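Biologist: Could you take me through this structure, please? I would like to ask about the chains and how they meet.

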Amino acid sequence: MTKRSATSNYSRRDALRMVAIGGAASVFAPNLLGKPALARTSTAKPTGRVIVGLGQEPTVFNPLMAHIEVDDGVHFSVFDALFRIDPQGVIQPNLAVEVPNQKNGGISEDGLKWRIRLRDDVRWHDGKPFSAEDVKFTLELIMNPNFRSWRTAGHALVRDITVISPTEISWRMEEAFAPYLSFLTETFIVPKHILEKEANPSNAAFNQAPVGTGAFKWGKRVPGDHLELVANLEYFGEGPHIERLVFKYIPDLTVLYTQFKSGDVDLVGQPYITPDHYREAKTLPNRVVTLVPRASFESFYLNLERPQFKELAVREALYAAIDKEAIIQGLYYGVPAPTETFMPKQSLYYNPNLPAHEYNLDRARKILDKAGWVPGRDGIRAKGGVRLSFANSTTSGDPLREQAQQFLQQTFAQLGVEMKISNLPAAVMWGEFWQQSQFDSVIVGSTYLIGADPDVTNRLHSRSIAAKGGRGSNNAQYANPEVDALLDKGARTFDPEARRAIYHRVQELVRQDLPFLPLYQSNSVQGQKKGISGVMPNGNTRTESWNALAWHWAS
Amino acid sequence: MSGFLLNRLSQSIVLLVIVSIIGFTVLNLMPGGPLAQFGLDPGMTQKDVERLAEQLGLNRPLWIQYLDWAWRLIQGDWGHSFRDGSSVLTVIGRHLSATLLLMGTSTALAIAIGSWIGIRGATHRYSLFDYCATVGAMVALSVPTFWFGLIGIYIFTLKLGWVPAGNMYTIGDGSVLDYLHHLILPSLVLSLVHVAIWSRYMRTATLDALSQDFIKTARAKGVSERRILLKHVVGNALLPMITLAGMQLPSILTGALVTETVFTWPGMGRLFLDSLGYSDYPVVMGLLIFSAILVVLGNLVADIVIATVDPRIRLA
């Protein structure tokens with residue numbers, strides 16, 4: 001997921017080819033999970049323990065069941081997927097021996113037939129050998145209507161899964177779907193020999209004491225407190241180097257930071273250090289505190305079916321009236337980075353040529369005047385009986401967002417625009433209110449990508465408007481036929497260069513149409529003790545613990 | 001006595017049904033729900049959310065959901081957590097011991113310290129000690145517990161380094177001494193409010209007992225002040241305290257929301273807060289019923305104990 005890695009995110013071979021051309025930074029990417037400096041010698045036993053502090057408690061340990069971000073750290077440590085995505089966005093083999101593509105014959109020219117070769121040296125934590133049957137079982141379990149599975153998009157297209165041999169499997173896709181490779185980096189393989197015996201896999205004992213193939217085995221869990229994983233000495237890859245990996249649950253973010261300061265926590269995980277502690281955290285002795293770009297993007301999100309927002313001029317005027325720099329510097333301590341798009345800047349698909357936002361109240365006024373939005377007696381602009389008045393919601397209890405709202409409310413008022421603040425608890429906010437587009441406008445921080453794949457059909461295709469019976473989460477109710485066509489084409493295209501052109505154009509169109517007013521791309525303030533090596537942020541995953549197998553204490 | 005018990009038991013069942021209906025209705029009418037947490041997931045489609053709602057039975061009419069839940073409850077099945085699939089009783093059981101340890105210690109501390117302050121305040125009325133105790137109690141009651149908690153962590157952990165920043169034990173240690181070390185700050189902070197309450201009640205009850213005729217008689221007979229205090233005053237003053245203790249039983253078991261959060265204590269209070277945050281209805285309902293049962297039991301036990309201690313009271 002980097003501009004530097006100007007190559008495919010599909011295969012090691014592509015990556016190496018482009019590295020040779022000049023992507024110097026990608027040199028270490030194919031080896032990231034492999035040997036170099038992080039490797040322990042085969043005789044060295046893992047030593048030490050790392051305690052990761054988390055703001056939410058991991059509770060879902062079957063990686064195929066519906067879960068949230070915080071569970072990912074456990075899944076990446078206990079399980080393996082067929083592929084793994086590295087920080088550069090290059091997909092690496094994990095349980096598979098190579099990443100299939102159209103050149104190596106792993107994916108047919110029409111994108112419909114997939115054939116995966118698997119490692120033959122992998123064992124489950126209980127000693128049983130891993131095989132293609134486990135992969136077949138996993139893909140079928142996801143689509144089992146009685147199983148409480150997580151995302152089914154992509155998997156729903158899989159047909160005719162065939163186990164060719166214990167180390168080879170193939171299937172047919174109902175239609176070509178390029179993002180599926182990215183989806184598979186987040187699809188962890190579960191053991192058939194344990195779960196096939198369960199009458200109801202959603203309530204299986206396995207879900208509370210999982211058995212995987214990963215670098216760490218299940219240790220013990222103290223609910224409400226912490227979870228302990230222990231090194232898997234039989235792991236097929238390099239690592240792990242630490243003996244124990246502990247996920248400690250600390251719900252209050254001030255307390256989380258305090259425990260980082262006091263040394264109770266070795267590494268701060270999600271939701272990381274709050275921006276207001278950034279400056280102080282940087283000065284702490286024996287701690288390393290860094291800003292890490294995330295794929296999450298904050299926007300002033302509009303419901304385009306509201307009459308106030310139907311006209312582009314209104315959206316342009318509101319955008320011009322947002323003093324982004326003041327919000328970022330004044331409220332967020334300079335931690336996030338301004339952006340014009342939903343695509344992370346580190347992505348191969350990021351379009352750097354989008355028009356730059358400029359805060360200009362006069363321009364905003366002129367746009368509204370020209371479009372015929374005239375101030376009424378109460379000072380609020382109106383046109384054709386529609387007042388330029390709307391509600392803005394965000395999650396209550398988020399003081400920084402609430403301050404940003406108040407700031408915008410005052411700025412908009414200078415334009416003759418009335419914004420009412422109407423905040424809701426998170427459990428209410430992101431339910432039907434958000435999913436069924438019942439809001440006027442919201443301030444939301446969300447991720448648009450799965451892994452590093454640029455496909456955003458679920459967020460921006462007109463077929464994805466849930467409020468109109470669609471199946472996705474295009475909550476702005478954005479509809480642009482050209483964007484729809486591009487997204488359809490992008491999902492069928494496997495060539496990264498061709499896809500880059502497609503998603504650059506999508507970003508241009510979305511920046512032009514402004515279904516949401518882009519604010520900034522998030523940076524997380526990550527902190528760890530000085531002695532821990534091998535921690536490597538990866539914006540293509542949702543967890544800081546994606547490569548805990550490479551962590552080790554400097555001796 | 002058996003008539004009293006039967007009467008109270010039937011009243012309790014009606015109470016539990018009412019509590020459960022109100023709780024279930026309010027909880028389920030809250031917009032959002034357990035699937036809201038997936039609203040921002042880029043890979044979850046609307047169909048995925050609908051499928052999960054169906055699997056969890058959330059798409060059925062509310063009254064059917066309630067009857068189904070109640071019927072299972074009667075059969076001893078408290079349901080399964082939406083979050084991790086564990087049975088509700090298992091989830092509650094996992095957090096109960098942590099809360100019992102923290103609340104038990106702080107309650108014992110509160111009763112011991114509070115009673116002592118109350119009795120001494122009453123016997124030394126309008127002394128410097130009494131005034132200080134009164135002002136101290138007012139402060140303890142007025143200032144939020146989390147503030148005491150954060151100040152305690154700042155002073156005793158970050159500045160002085162005497163006690164840990166929180167947690168129930170050091171991961172990898174877990175010896176008795178380690179538990180006690182971790183228990184000091186949260187139990188003291190948590191006991192502050194209860195010390196204040198107990199000391200005020202105890203002071204009033206002691207003063208009340210001291211003004212009784214039998215005390216005057218005892219004094220006239222030449223019984224020593226120490227004996228009067230221990231034998232006659234404290235015994236009588238403790239009677240209303242039993243009711244208070246009974247009423248506190250549910251709070252002992254359901255935990256201290258804020259203190260458990262500030263001190264990273266894996267107890268029932270945090271479980272309740274988390275479950276509410278995730279709209280994990282089965283667990284929230286389980287905790288609600290559990291608390292309601294404790295309230296009923298606490299009051300019942302208090303009544304019985306009082307009747308046993310004070311022969312003038314008859315249960316009918």
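This is a predicted model: local features need pLDDT of at least 70, side-chain atom pairs count only at pLDDT 80 or more; totals for chains, interfaces and linings use all residues.

Biologist: How many residues does the contact take from chain B and chain A?

Modeller: Chain B gives 50 residues and chain A gives 63 residues, where contact means heavy atoms within 4.5 Å.

Biologist: What area do chain B and chain A bury between them?

Modeller: About 4500 Å² is buried between them, 53% of it on carbon and sulfur atoms. Buried area is the accessible area (1.4 Å probe) that two parts lose on being put together, summed over both. In chain B, the residues that lose the most area to chain A are B:Leu40, B:Pro42 and B:Ile171, together 16% of what that side buries.

Biologist: How many salt bridges are there between chain B and chain A?

Modeller: There are three salt bridges between chain B and chain A; a salt bridge is a side-chain nitrogen of Lys or Arg within 4 Å of a carboxyl oxygen of Asp or Glu. One joins A:Arg221 to B:Asp84, with the closest N and O atoms 3.5 Å apart. B:Asp41 also forms a salt bridge with A:Arg151, where the closest N and O atoms are 2.8 Å apart.

Biologist: Where do B:Asp41 and A:Arg151 sit?

Modeller: B:Asp41 is in the loop between helix 1 (2–29) and helix 2 of chain B, and A:Arg151 is in the loop between helix 3 and strand 5 of chain A. Helices (H or I, at least four residues) and strands (E, at least two) are DSSP runs, numbered from the N terminus.

Biologist: Now the sheet. What is the order of its three strands in chain A?

Modeller: The order is 4-6-5 in an open sheet with antiparallel pairing; two strands pair if DSSP finds at least two bridges between them.

Biologist: Why is one side of strand 4 and of strand 5 left without a neighbour in the sheet?

Modeller: Strand 4 (113–117) and strand 5 (158–165) of chain A stand at the edges, each with a single partner strand, so one side of each has no neighbour in the sheet.

Biologist: How many bridges pair strand 5 with strand 6 of chain A?

Modeller: Strand 5 and strand 6 (residues 168–173) of chain A pair over five bridges in the antiparallel sense. A:Ser165 stands opposite A:Glu168 in strand 6 of chain A.

Note on methods: Residues are numbered from 1 along each chain as its sequence is written. Chains are lettered from A and ligands numbered from 1 in the order in which they are written. Side-chain values use heavy atoms; hydrogens and water are left out.
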